[in-house]
Every structure is written in C-alpha cells, then in structure tokens.
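Hello,

Here is the structure we talked about handing over. My notes on it follow below.

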Amino acid sequence: MKDKQTKPLQAVLHGMDGRTYKTMVMYFQGPCKGEAVVVEEVDGEVDIVDLDFPSGKSALDKIRSQKMRRPVIVLSREEVSFKDVLYVEKPIHLATILSVLAQARTLIQQQGWSKSFDILPVKTTENPVSVAEKKALGDGVEIKKTAKHKTAMQMDEGSFSAFIGMITEIDFNDKDQLDKAFYSPKNYFQGYVTAAVKVSKEKNRMLQLNSNWKPLLIFPHSHEVWLDADDKQLRAFASLEMNKATGAKLTITAIDPATSAVREKMDKFYDIDAFVWKLAIWTSKGRYPQALDIHRPVFIKHWPNFTRSLITPHALQITALLMRGPRSMLNIVETLNIKPQYVFVFISAAYALGLVGQAERKSDELFEPPPIKTIAKKESKGLLSRILGKLRSSK
Amino acid sequence: MSQYKIIFTGPVGAGKTTAIESISDIPPIKTDAVATDMTKARKAATTVAMDYGIMNLAGGEKIHLYGTPGQERFDFMWDILTIGGIGLILLLDNNRADPFQDMKFFLESFSKFIADTSVAIGVTQMDLSNKPTIADYHSQLQGLGFKPAVFAVDARVKNDVSLLVQALLYSLDPGLKDHE
Ligand SMILES: Nc1nc2c(ncn2[C@@H]2O[C@H](COP(=O)(O)OP(=O)(O)OP(=O)(O)O)[C@@H](O)[C@H]2O)c(=O)[nH]1
Ligand SMILES: [Mg+2]
C-alpha cells in the first residue's frame, strides 16, 4: 500500500509546446517532489491538458470523445465548465496541483473514474508558489533561455584553430595526406550521441545516454539536450576515442528522476542541433567523416541555422557554393581557395545533422561543376565584398 | 550616383524597423505612427511609410537600407522601392497566427525582385514561440521551390541581422572574399 502511494502518478501531457512540456516535467520533479511524472501515452494514468494552447482544445475534445479511460486534469486561465474533468486555474499554485493530483489518485484507486463524475473546480487561497520555486521553474526557464540563445560566434581562421585545437598529426598542405584525413564519428562520443538522439526522436521518448562520463539527457519534445559540462570539458571528451578511452560501455536508458540536478541547472540545456553541430566540430578537428569521399560531389540540403551555431571559418561561403549544386570537397577547396581543414570541419558538422551527403549521380566522374556565376549583375564583386567586410568588422 | 539598397520586408511587427536600426550607421529614419487599427493590440507603433538606414562603407560608399511598412495596404510602394535593390531580407514573426501564409505572401509579392536578386529569411520571436521550427520552414520552402537561407533571428541582436545579410550576399556570389 505504501509503495503504491509513493509511486509517482503517471501523467500524459497534451497540447503543450516544447517549453511548457519541459517546464511541467521539471515542475513535477521539483516543487511537486515527484508526486507525478511525465510518461508516454501508453503508460499514462492521468491526462493533463493545457487548454490555453490551440492544440490543447482539440486534444481535450479528442480525449472526451473517446470513452474516458482515466482522469483528466485541465489547466487553463479561464474556468472550464466540464464536469468530468479536474480543473486547475492558471497561474498554477502548488497546493492546487498537489490537491488535484491527490484527487486523481483517489479516483484511480476507486476505479470509479470511468463514469462521469462531478468534481468542483479546486481553488485555493493557500500560499502561492514561492519565489524560489518560481525561479526553479517557468521564470528560470525564460531567463536562462535568453542567455542560451545568445547569437552565434563567427570565427576567423586564427581564433578558430585555437578554439578547436585542430588536429596536428595531419599535414593538410600535403595532398597525399588528405585521403587519410578522415575520422569515424561512431568511434567517438559524437556517434553515440547522434544514435541516441535518433532513437529518442523515433520513439518520441526522453532518454538518457550514460557513459563513464556525465549523463546526457535528451528531450525530443523540446528538441533539447541537457548536459552538465562546460565547453572545455565537452571538447576534451569529444576527442577521446571511446573504445580506446576506457573500454567504457555507453548505454541508453529512460531518464533517471534522480538526475534532479536538471532542475537546478536550467542553463545546461542546449538545442539538439546546435549541440550535435558543435560536438562534431570538436570531434572532427579538421578531418572529414569517413563515409564521405573527398573526390566525389557532396550535396547540401539547405542552409544550416547559422545564427544559433558555431560558425566555422568560411562556413557561409561553402554553404552558398554548395547550394548552387553538388561539388567534391576538394573542388570546394580549389574553387574558394581555402584550406582543406576548414572545408572538412564544416562538412563534418553538417553531415552530423544530416544536412550533407554524397551526391549519387550516374556519371559522377563526368560531373564537373561549373565555375561560379554571380547573380549580382550590376554590383561589382568589390561592393558586395565591402559590405561583407563592414558587417564582419563591426560586431 | 547609383543607389545600392537592401530591402527589408515582412508582416507587421516582424522586426523590420528594429533590424535596420541594428545595423544602420545613422539613427534610422522611422515613420512609425501610433497603431490605431488591428495592429494596436500587438504593438504600440507601426511603420506607416518606410524605414530608412545607411551603412557607410570604406571608400565613402553608402548602402541604403529600406524597410517596407508591414501593413499590406501599403504594398503599392514595394515596386518602386525595389528598383536598384541588391537583395531582399524577409523577416517573419514566428508568433503570428500563420507564419507560412505570411512567407508565401511576401515571396509571391516580391517574386520578380527575388528572381533577379536573392532572398534570405529571418524568423523572429522564436524566443516567444519555438514552433514552427526552422526545419518546418525549410519543408515549406521546398514545396514552394525556394532554397534561401533561413535563420532564427532576434532583430534586436546586431550579429543575428548581420549574419542574415551576409548569407544574402554570399547567395548572390559565393566567390566573395571575406577579408580574412
Ligand atoms: N522577443 C522578441 N522581440 C523581438 C524580436 N525581434 C524583434 N522584436 C521586437 O518586436 C517588436 C516589433 O519590431 P518592429 O521592428 O517594430 O517591427 P516592424 O516589422 O518594423 O513592424 P511594422 O512597422 O509594424 O510592420 C519590437 O518591440 C522589437 O524589439 C525577437 O526575436 N524576439
Ligand atoms: Mg516598422
């Protein structure tokens, strides 16, 4: 009996955007002290619908049109008139939600909830959420989000090499060495992360990637990962070959609620794409992914979201060129007259996000990309370059 | 003396005035008026004629930055505005009811200009509404037959606006040297 009561109520969230979803996850873990936990549809004991989102309304309609299988909690700024749901007025007060969760629990135990029932909306005049709690939740999310979404760093060659620590074993000036200047992402943390992210997205499940280092939490709904490490630590770990490093086993598990540090460290969330992008850069260090052939054309699907990514040297230029049509990495090096390692590191990052691939053409060998035609007719190259120079110099 | 212009467009409140302010060397000339109609609920001031800013280049050249008024009833001016334009920056407010509809509307309205030059798209207010995602925009654009740069942009952040304009310039000519 006791066990049953302490087991968190299994809640399914409906109609919320990524951020609200995540906030609820934290809210249950944090202020609600694990009274409830967010689970997938199939595991749910209770449905929680946020009516203030357009999708919430349709979700509720759908739930109510089905024969109700479990209690429904509705969150809304405006009072709802349905008698068959538990209503929590927004802004949510801790006491209210705890009381409603307890009611849901009782209903489940009574097994009487499948019939329609009459519950008055719970209102409470008890203490609203304390300031500290607020900080740990919504407000905190807002503040930290702004900081996190700070604009991209655009690097020139000098600062970039120092930041990345380009691989030193390869002489990129030696043409013969380029054929061997590859790396295999799957031998590094990068490979495990992209694999785990893939699983998480496919199953639409929050997952945790465990290694002998720090756990990486993946939140597919908000498209974010959480990792309690700074850039320097991540960069160091990224460059370790996994099998060599420790022979450590990496595992993917459900998120361990004990990893409660999440709620204290809201600033450790990263957009999945921005994170994978950066990780690939630190793993590549100027090498290209083994799966790609530097002599054969690669294509790019679309522009990366550069304002929220680390911008490697010449990245915009390489993208613009590839957007005109596939080219081999070596051809890019030649056409733009830039160092191969900068083409390779960019291709590695874009490849990690699935933006770049080998172009499958019937006559690859015959395929020789045309010289770049400029669209700008009247304006001289000089003028456009001067605008660029101006933009880049006044950051 | 020839006039080099970059045109900023997009729906009401997308951040055109703010974006021009971010990269202009002069305090921009705004023609904002107190919003009176449907705009009012959303913001205090809206641009009724156009925005104007300048970037001063080395060598004394000037790039003129023009912003269209967001409200559709002013669209008769757009044709005149684009003459001599280098390219188009389209800003979309992710928090609006149907940003894809906005996108289609502006890409169609400026289709001739875009065909002659190029376009780069900045999605603003993503801090307020993270859906649709940038990936969703790319899927939509694919259907429309466009492949422009699409960046998450906060119009108040100079570097965001700068990167978007840089992408526009490289789209025009990937061979540009970036002064490194
Ligand atoms: N939160 C947030 N606010 C933004 C962002 N970009 C711009 N803004 C703000 O949005 C408001 C509207 O920006 P404006 O520059 O006036 O928009 P506009 O496109 O000129 O609008 P009209 O002239 O009415 O067509 C301003 O208060 C900006 O500071 C963003 O990414 N996030
Ligand atoms: Mg304006």
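Strands and cores

In chain A, strands S8 and S9 make a hairpin with four residues between them. One residue in the turn, A:His223, has a positive phi of about 60 degrees. Please keep in mind that this is a predicted model.

A:Leu216 has A:Leu227 in S9(A) as its bridge partner.

S9(A) covers residues 224-227. It also pairs with S11(A), residues 269-271, again in the antiparallel sense, through three bridges. There, A:Asp271 of S11(A) stands opposite A:Glu224.

Which way do the residues of S9(A) point? A:Glu224 and A:Trp226 point one way, while A:Val225 and A:Leu227 point the other way. Side chains in a regular strand alternate between the two faces of the sheet. All four of these residues, A:Glu224 included, are buried.

On the nonpolar cores: the largest has 102 residues, and the members touching the most others are A:Ile387, B:Phe8 and B:Leu169. At least three residues of this core come from each of domain 2 (123-149 + 183-277) and domain 3 (286-393) of chain A. A second, separate core has 33 residues, among them A:Ala11, A:Val100, A:Leu101 and A:Phe219.

As for B:Phe8, leaving aside residues up to four places away in sequence, its contacts include B:Ile20, B:Ile23, B:Leu65, B:Ile89, B:Leu91, B:Val161 and B:Val165. B:Lys16, B:Gly67 and B:Thr68 are also among the residues that B:Phe8 touches.

Regards

Conventions. Residues numbered from 1 in each chain as written. Chains lettered and ligands numbered in written order. Predicted model: local features only at pLDDT ≥ 70, side-chain atom pairs only at ≥ 80, totals over all residues. Heavy atoms only, no water. Buried < 20%, exposed > 50% of the residue type's maximum accessible area, 1.4 Å probe, protein only. Helix = DSSP H or I, 4+ residues; strand = E, 2+ residues; numbered from the N terminus. Pairing = 2+ DSSP bridges. Core = buried A, V, L, I, M, F, W, Y, C linked by side-chain atoms within 4.5 Å. Domains from an automatic or database assignment. Contact = heavy atoms within 4.5 Å.
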